[in-house]
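Open your viewer and get ready to select a few things by chain and residue number.

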Amino acid sequence: MQTYYFGAERALFGVLHEPAAAVEPGGVVVVCAPLWREGIRAHRVLRQLGLRLAKEGAAVLRFDYFGAGDSAGEGEQGEVESWVSDVLCAVDEARRAHAKASVTLLGLRFGATLAALAAARKEALVDRLVLWEPVSDGGAFLDESFAEHRAWAESYASWRHMPVTAIADADDEVLGFRVPAAMRGSIASVRLAELRRAPPRTLVVERTASGTNGGLLAALSKLGARVEHHVVDEPEVWKPHELQATAGGRKTQDVISKWLTRGAS
Amino acid sequence: MKERAVLFGATKSLSGVLTEPSGGAPGAPAALLLSAGYMHRVGPNRLYVAIARRLAAAGIPVLRFDHSGLGESAARHDGMPLKESVLAEGIEAMNFLAESGIANRFVPMGLCWGGENAQRLAHADPRVVAAALIDGFAYRTFGYHARKYARHALAAGSWRRLFARAGAVLRRRAAARHGAAFERNPGGVDFVREFPPRAAYLNEMRSILGRGVELSLIFTGGGMAEFYNHSRQFGEAFPELRAHPRIRLEFMKLADHTFTIRSQQEALLASLSAWVEERVLGRATTAVEVGADAAAS
């Protein structure tokens with residue numbers, strides 16, 4: 001494992017897991033983490049997935065967006081366009097390390113959304129896409145995130161016998177992270193069902209077949225991608241209660257591992 | 001300010017990020033940010049990144065790192081008990097910084113488990129000149145119980161809640177019988193923390209302070225509500241340390257354990273950087289009122 005900073009203008013923190021032998025069958029996998037607290041919660045599971053895929057023959061690059069994790073920048077500086085640029089920068093970095101290997105973009109939650117948006121760029125030349133519980137509607141994601149923050153604030157205030165106004169002193173916070181207007185605007189405009197390009201092969205893994213990503217699946221198929229869709233009912237590894245389960249998301253990891261291995265044939 | 005990824009330790013398996021002042025820091029001590037529970041080195045809500053950058057801006061290098069088995073650091077395979085390994089790894093971090101010519105004096109700090117380990121490190125290694133313990137060990141007093149039950153009695157619906165929580169109380173009592181302590185975290189999970197006996201804690205503090213170590217003790221109202229509920233409580237529990245000149249004591253009444261509230265994050269950063277400038281670097285600073293809520297407690 002190698003930890004380092006890359007990117008000429010925006011120092012991004014990366015962790016490269018090299019396979020024991022030559023790269024393949026998984027090629028190079030670039031992992032896109034969720035945003036904000038979900039990203040911190042899912043850190044351990046994505047690391048485990050990276051270690052596992054490396055053991056199975058892939059080179060795996062995990063990285064933090066500018067303003068997130070160990071990367072340079074402040075949290076409020078991010079927007080969808082700049083995060084997508086970071087994903088493309090990570091793809092370049094992965095290609096620098098393994099020029100001839102196929103490239104898979106793998107993302108969780110809004111990281112999956114950013115992976116799909118980056119893969120849709122002409123210059124990305126991504127071979128495969130893995131979307132783990134993707135957020136296909138940015139506006140709905142924001143509503144859900146702010147609702148979660150309000151619920152926490154109300155619960156905390158009630159427990160402390162305080163008015164909620166005593167602690168909810170700003171309207172641009174999501175569980176410890178500032179989400180300024182420009183960031184909110186960029187997220188709200190995301191509709192994955194309106195993608196215009198997709199890699200030849202895509203795997204979508206979700207916890208429930210609720211239909212929230214139905215538009216995305218149809219859009220990917222319409223773009224000519226071979227889409228495999230799995231419903232795996234297991235805890236949300238990006239939520240607080242699940243973090244202490246050290247082997248979180250194992251069934252989903254099995255699905256991803258098998259799909260990537262088949263990709264070589 | 002510059003940041004770089006580092007690997008250190010006997011097997012180069014401990015992973016961290018070193019944040020250094022842009023002009024260097026000749027002669028200044030270096031801070032160590034110790035893992036906050038199972039969180040990786042960015043800390044809850046990326047708080048450790050913000051602390052490292054703020055302290056580097058104040059003039060000291062800061063190493064944030066993952067203890068073995070956490071974050072990017074590999075698990076140990078030598079069978080060393082956890083309490084010993086975290087201490088050994090803290091010492092390895094200091095050795096790494098000393099051998100790299102970065103610092104010879106150190107300021108361990110951390111939240112929760114990180115605060116507990118910063119205290120242990122301050123006790124174990126004479127190179128430690130200061131330590132910041134955020135929601136570290138705390139001890140209930142008569143005043144704590146009086147305030148807690150008075151508040152409950154006055155709060156609307158408190159009796160209904162009291163009965164509804166009967167199960168949780170029983171669990172806490174069961175845990176207490178086994179020498180553990182419970183911490184309530186609304187909307188999250190219950191953590192079991194083990195505090196040393198009061199006498200052992202006092203002896204350790206006497207030893208640390210006897211060496212001239214500066215201490216910043218910060219308690220949050222939310223994170224420590226099961227143990228600590230007033231700015232005077234530390235003095236109630238340990239009268240002989242109440243007005244100790246090398247202890248800076250703060251009670252951040254509004255803050256929760258992981259500093260979810262952004263204004264409280266900023267208050268913590270202001271507090272730590274002012275403490276470092278004044279007590280660690282010996283500069284005169286403008287007084288920072290940490291958590292104006294403290295006075296209202």
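## First stop: the chain B sheet

Select B:R4 and look across to B:L18 in β2(B), which stands opposite. Before going on, a word on what you are viewing: this is a predicted model, in which local features need pLDDT of at least 70 and side-chain atom pairs count only at pLDDT 80 or more, while totals for chains, interfaces and linings use all residues. Residues are numbered from 1 along each chain as its sequence is written, chains are lettered from A and ligands numbered from 1 in the order in which they are written, and side-chain values use heavy atoms, with hydrogens and water left out.

Now colour β1(B) and β2 (residues 14–20) of chain B: these antiparallel strands are joined by 7 bridges. (Strands are DSSP runs of E, at least two residues; helices are runs of H or I, at least four; both are numbered from the N terminus. Two strands pair if DSSP finds at least two bridges between them.) They belong to an open sheet of 8 strands with mixed pairing, in the order β1-β2-β4-β3-β5-β6-β9-β10 (chain B). Find β1 (2–8) and β10 (247–252) of chain B at the edges; each has a single partner strand, so one side of each is left without a neighbour in the sheet.

## Second stop: helices of chain B

Show helix α7 (residues 198–210) of chain B, which lies across β9 (214–220) and β10 of chain B and runs at about 140 degrees to β9(B).

What does α9(B) pack against? Select helix α1 (residues 47–58) of chain B together with helix α9 (residues 262–280) of chain B: they pack at an angle of about 35 degrees, with axes 10 Å apart. Among the residues of α1(B) in this contact are B:L47, B:I51 and B:L55, while α9(B) brings residues including B:L268, B:L272 and B:V276.

Move to chain A and display its open sheet of 8 strands, ordered β1-β2-β4-β3-β5-β6-β9-β10 with mixed pairing. The edge strands here are β1 (2–6) and β10 (226–231) of chain A, each pairing on one side only. β1(A) and β2(A) pair in the antiparallel sense over 5 bridges, and A:Y4 stands opposite A:G14 in β2(A). Next, select helix α4 (residues 110–119) of chain A, which packs on the sheet and touches β3, β5 (103–108) and β6 (128–132) of chain A.

## Last stop: the cavities

How many cavities of 30 Å³ or more does the structure hold? There are 5. (On a 1 Å grid over the protein atoms alone, a cavity is a set of points where a 1.4 Å probe fits but cannot get out; lining residues have an atom within 4 Å of a point. Grid points are joined across faces, edges and corners, and a volume is the space filled by probe spheres set on the points.)

The largest cavity contains about 440 Å³ of space. Select A:A33, A:P34, A:D64, A:A68 and A:G69, which lie nearest its centre among the 31 lining residues. α1(A) gives the most to this lining, with 3 residues.

Finish at the second largest cavity, with a volume of about 110 Å³. Select A:R37, A:E38, A:E148, A:V174 and A:L175, the closest to its centre of the 13 lining residues.

Note on methods
On a 1 Å grid over the protein atoms alone, a cavity is a set of points where a 1.4 Å probe fits but cannot get out, and a pocket is an open set with protein on both sides within 12 Å along at least five of seven lines; lining residues have an atom within 4 Å of a point. Contact means heavy atoms within 4.5 Å. Axes are lines fitted to C-alpha atoms, for helices over the stretch in contact, and angles run from 0 to 180 degrees between N-to-C directions.
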